[in-house]
Amino acid sequence: MVSLDYIAGFFDGEGSVVVRFVRDGRYRAGYRVFTKVVFVQKERDVLEEIHETLGMGHLYRRGSNGVWYLEIYRREDLREFVELIGDRTMVKRDALERLATVLELLEGGAHGSRDGLERIREIWEG
């Protein structure tokens, strides 16, 4: 197990927050909003420790480049991640705060309208 402070520092250096808008005609407003937190590392060991400590996300290797990913994408897990790590980060604190706001809007159904999508986009893009 690693500490939450360690995870926050690692996330500041090797992690990212993703909010993507993907055109999808199955949704009323025409887009689906994807949210996730991603850690990327060449070595599996450290990501495995983070995964075990957090108890969330999915650890996998993609392609032949030898890079490992730990992705957290369930909304409940993303909220918990922000609560656990947000105040401990320095570099990515603003992105995590904006993610928390986006998650609140998604849970309120804002992505169901064009105006709501635009509000999400404005918050995310700052």
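**View 1. Contact between helices α1 and α3.** In α1, the residues L4, I7, A8 and F11 meet F81, L84 and I85 of α3. This view, like those that follow, is taken from a predicted model. Sorted by class, the contact of α1 with α3 consists of seven nonpolar residues, with no polar and no charged residues. The axes of α1 (residues 4-14) and α3 come within 10 Å and cross at roughly 105°, which means that α1 is roughly perpendicular to α3.

**View 2. Buried residues of helix α1 and their surroundings.** Buried in α1 are I7, A8, F10, F11 and D12. The elements that cover these buried residues include the strands β1 (15-23) and β2 (31-41) as well as the helices α2 (44-54), α3 and α4. Of the buried residues, I7, A8 and F11 are also among those of α1 that meet α3.

**View 3. Crossing of helices α3 and α4.** Helix α3 (residues 75-85) and helix α4 (residues 93-107) have axes that come within 10 Å and cross at roughly 145°, and the crossing is left-handed. On the α3 side the contact is made by R75, L78, R79, F81 and V82, while α4 contributes L96, L99, A100, L103, L106 and E107. Taken by class, the residues of this contact between α3 and α4 divide into eight nonpolar, no polar and three charged. F81 of α3 takes part in this contact with α4 and also belongs to the contact of α3 with α1.

**View 4. The four-stranded sheet.** Four strands with antiparallel pairing form an open sheet in the order β1-β2-β4-β3. Because β1 and β3 (58-61) stand at the edges, each with a single partner strand, one side of each is left without a neighbour in the sheet. Direction ignored, neighbouring strands of this sheet are turned against each other by 30° on average. Within the sheet, β2 and strand β4 (residues 68-72) pair in the antiparallel sense over five bridges, and V37 stands opposite I72 in β4.

**View 5. Helices α4 and α5 against the sheet.** Helix α4 lies across β1 and β2, and runs at about 150° to β2. Helix α5 (residues 114-125) packs on the sheet as well, where α5 touches β1 and β2, and the direction of α5 makes about 155° with that of β1. Helix α4, which lies across these strands, is also among the elements that cover the buried residues of α1.

Key. Residues are numbered from 1 along each chain as its sequence is written. This is a predicted model: local features need pLDDT of at least 70, side-chain atom pairs count only at pLDDT 80 or more; totals for chains, interfaces and linings use all residues. Side-chain values use heavy atoms; hydrogens and water are left out. Axes are lines fitted to C-alpha atoms, for helices over the stretch in contact, and angles run from 0 to 180 degrees between N-to-C directions. Helices (H or I, at least four residues) and strands (E, at least two) are DSSP runs, numbered from the N terminus. A crossing is left-handed if the near helix is turned anticlockwise from the far one by less than a right angle, and right-handed if clockwise. Contact means heavy atoms within 4.5 Å. Ala, Val, Leu, Ile, Met, Phe, Trp, Tyr, Cys and Pro count as nonpolar, Asp, Glu, Lys and Arg as charged, and the others, Gly among them, as polar. Angles under 35 degrees count as roughly parallel, over 145 as roughly antiparallel, 65 to 115 as roughly perpendicular and the rest as oblique. Buried means under 20% relative accessible area, exposed over 50%, partly exposed in between (1.4 Å probe, protein chains only). Two strands pair if DSSP finds at least two bridges between them.
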